[in-house]
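Try each task before reading its solution.

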Amino acid sequence: MADRILEVRGLKKRFPARAGLFGRPRGWVKAVDGVDFAIHAGETLGLIGESGCGKTTTSKLILLQEPPTEGSIMFQGRDITGLAGAALMAYRRAVQVVFQDPFSSLSPRMRVEDIIAEPLEIHTDLERAAIRQRVAAVLELVGLPSDVAPLFPHEFSGGQRQRVAIARALATDTKLIVLDEPVSALDVSVRAQIINQLEHLQRTLGVSYLFIGHDLATVAHISHRIAVMYLGKIVEHADSDALCARPMHPYTKALFEAALPSHPDDRHAATAVAGEVPSAMNVPSGCRFHPRCPATMPICSQVEPVLQPRDGGGEVACHLY
Amino acid sequence: MSFALRAGETLGLVGESGSGKTTTCMSIVGLLPRAARIVGGSVLFEGEELTTKSQRELRAIRGRRIAMILQDPMASLNPLFTIFRQVAEPAFFHQRLRGRSLRSRVQHLLKAVRIPSPEWRMREYPHQMSGGMRQRIVGAIALAGGPSLVIADEPTTNLDVTIQAQYLDLLKDIQRETGVALIFVTHNLGIVAKMCDRVAVMYAGKIVEQAPVRELFDDPKHPYTRALLGSVPKLGNKDPLYAIPGQPPNLASLPSGCAFHPRCPEALPRCADEEPIDFHPGAGHAARCWRLDEHAAASHGRSHS
Ligand SMILES: Nc1ncnc2c1ncn2[C@@H]1O[C@H](COP(=O)(O)OP(=O)(O)OP(=O)(O)O)[C@@H](O)[C@H]1O
Ligand code: SF4
Ligand SMILES: [Mg+2]
């Protein structure tokens, strides 16, 4: 496989749990609890899991919006956790983000051209004219006419705003874009436009994506590889096709069973997994999925399973294998 | 606009934001205009003409026989009252239950929506529940009056996938047990595929196609329905998605003729000027599209050849 753009090892993030109703300190939230993955050049890694499993926290760590409690982030072979000065700037230029909500992620008082130019002004020493050129070029890349440059975000629809956010993320010499649920807030008929646009940009520019989502079909459609996250840990990862053909971890299976059918003939019976995701403050002992797992065994509540190679490539952390 | 729904059946009302789904629901529950036939036959609701009812009579029907489940459970729950009080209210007013029979009815309802240890949980407040539990409690409140129709407006949008699946399966179980009719308002065709017997697709405030669910998925007649089906990613299929060009229209300034014509890949010249009427390509199947006008299609074909 091509070279690794980004690799994280043993990544952890703990937050102090906010004092309860009566001001008592309540321990630690293990939002990200030991995560390893790599993203290759021109590749999309899908990160899927239920609310609160630590997807956004993982992306904040990568974007250096939060310092990790433990672990390392390697960018093009170099640990960036200790970087400063020009090297840090180069990293910030190369790694960009697009959030879920195109209505709150773009500053309402800035014109589109200034929104897109901002990272260029902060992270590069380009001249005004060069910046203007670059803005026009990325607007064209995302399929927006250049005469939208002087408009404000509220003059756009949700889908167009998301295009502006993607244009901004592409403005610098971007190698990796973190896409945190980029289509979840969009109308169904507009989602396909954005997904196709993202796929097209990757083919033409070779940019890598970390695509965070909770809709299996969408994540599987856009991703080359998928990592499944549960309560701060990756429990299984594999090539997208291999994972869809044969999900192995009981939690991955549960996600597939819970996925909505694409045709009425694919309706299936009641789902096997019961209960709800436990709080990241009280991570169950042993396998963190064991209280909900339909295949749980005595060992599961005592020993935490580690990632092992799985059939068809990738890894799975489960005592069944 | 009119649609029919029998006891124990589920109708999906599909559309994007601003397509008028919620307004349509509100008109069923609230004002009930023109021709909202919601139960089979020529009657309006269980044989009663709702359009001539007073607001007070409507309120009674709304609470007891038509209930709603909204997207955000916190909008339906009062944070200051216990779960017991909120689930008990419809049973107190509509079924006039009191004391022990009221308590056991509430416990029964909470058990029906799979709330663990209901006798203890019913003393708690909404903030002590997870999102999935809150939505199930709203379900219990909706069922409390023993309704014959429940309208669920995007009830699972804020839930996780596994919790969503549990909730949808639960609604189906309850439907099987009680025979309640469901109207599912959603933008998600997966929910339609999983839950519905019939589907009505809305665009720009109008139902543009209506059909039994299999027929709609296998043989959609309206270009918007076809486009919508083609735009959704499917597991195990990596073909490029069909991207519908443009944006959903603004209800305040609708395009002339067929509201979909500016985005329609199959538009005919007349689509820009004339609003299409309902055509009936099959039993129980209706679609508003000039492409279905066989007359015109035949003469068009001749004039072009
Ligand atoms: N600043 C913070 N302080 C305390 N706890 C936090 C903080 N940020 C996140 N958490 C907690 O960390 C856990 C992981 O949150 P995160 O936002 O990463 O989840 P997520 O997978 O992105 O969820 P979602 O699908 O809802 O976006 C949650 O339990 C969350 O409540
Ligand atoms: S380790 Fe045990 S509890 Fe965990 S997923 Fe595997 S079988 Fe289930
Ligand atoms: Mg998140």
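**Exercise 1. Find what share of the contacts in chain B with a separation of 6 or more comes from residues 24 or more positions apart.**

Solution. Bear in mind that this is a predicted model.
- Step 1: Take the contacts in chain B with a separation of 6 or more; residues 24 or more positions apart account for 62% of them.
- Step 2: Turn to burial: of the 305 residues in chain B, 51% are buried.

**Exercise 2. Work out how the buried residues of helix α5 of chain B are arranged around its axis.**

Solution. 
- Step 1: Locate the helix. α5(B) runs over residues 99–112, and its 14 residues reach 20 Å from the first C-alpha to the last, close to the 20 Å expected at 1.5 Å a residue.
- Step 2: Pick out its buried residues, which are B:Leu102, B:Val106, B:Leu109 and B:Leu110.
- Step 3: Look down the axis of α5(B). These buried residues fall within an arc of 95°, so they line one face of the helix. As a reminder, an α-helix has 3.6 residues a turn, so residues three or four places apart point the same way.
- Step 4: Check the face turned away from the buried side of α5(B): B:Arg100, B:His108 and B:Lys111 are exposed there.
- Step 5: Ask what covers the buried residues of α5(B). The cover includes α4 (83–94), α6 (118–121) and α7 of chain B.

**Exercise 3. Decide whether helix α11 of chain B is largely enclosed or open, and say what covers its buried residues.**

Solution. 
- Step 1: Count the buried positions in α11(B), residues 223–231. Seven of the nine residues are buried, so the helix is largely enclosed by the rest of the structure.
- Step 2: Name them: B:Pro223, B:Tyr224, B:Thr225, B:Ala227, B:Leu228, B:Leu229 and B:Ser231.
- Step 3: Look for the cover. From chain A it includes α6 (188–205). From chain B it includes β1 (10–14), α9 (189–195), β5 (198–203), β6 (206–212) and α10 (213–218).

**Exercise 4. Describe the lining of the largest cavity by residue class, and find which helix gives the most to it.**

Solution. 
- Step 1: Search the whole structure; five cavities of 30 Å³ or more turn up. The largest cavity has a volume of about 100 Å³.
- Step 2: Go through its lining. Of the 14 lining residues, the closest to the centre are B:Ile69, B:Gly139, B:Leu143, B:Leu171 and B:Ile174.
- Step 3: Sort the lining by class: eleven residues are nonpolar, two polar and one charged.
- Step 4: Assign the helices. α7 (131–144) and α8 (161–178) of chain B each supply at least two lining residues, and α8(B) gives the most, with five.

Technical notes. Residues numbered from 1 in each chain as written. Chains lettered and ligands numbered in written order. Predicted model: local features only at pLDDT ≥ 70, side-chain atom pairs only at ≥ 80, totals over all residues. Heavy atoms only, no water. 1 Å grid on protein atoms, 1.4 Å probe; cavity = no way out; pocket = protein on both sides within 12 Å on 5 of 7 lines; lining within 4 Å. Points joined across faces, edges and corners; volume = space filled by probe spheres on them. Helix = DSSP H or I, 4+ residues; strand = E, 2+ residues; numbered from the N terminus. Nonpolar A, V, L, I, M, F, W, Y, C, P; charged D, E, K, R; others polar. Expected span 1.5 Å × (residues − 1). Buried < 20%, exposed > 50% of the residue type's maximum accessible area, 1.4 Å probe, protein only. Arc of directions from axis to C-beta. Contact = heavy atoms within 4.5 Å.
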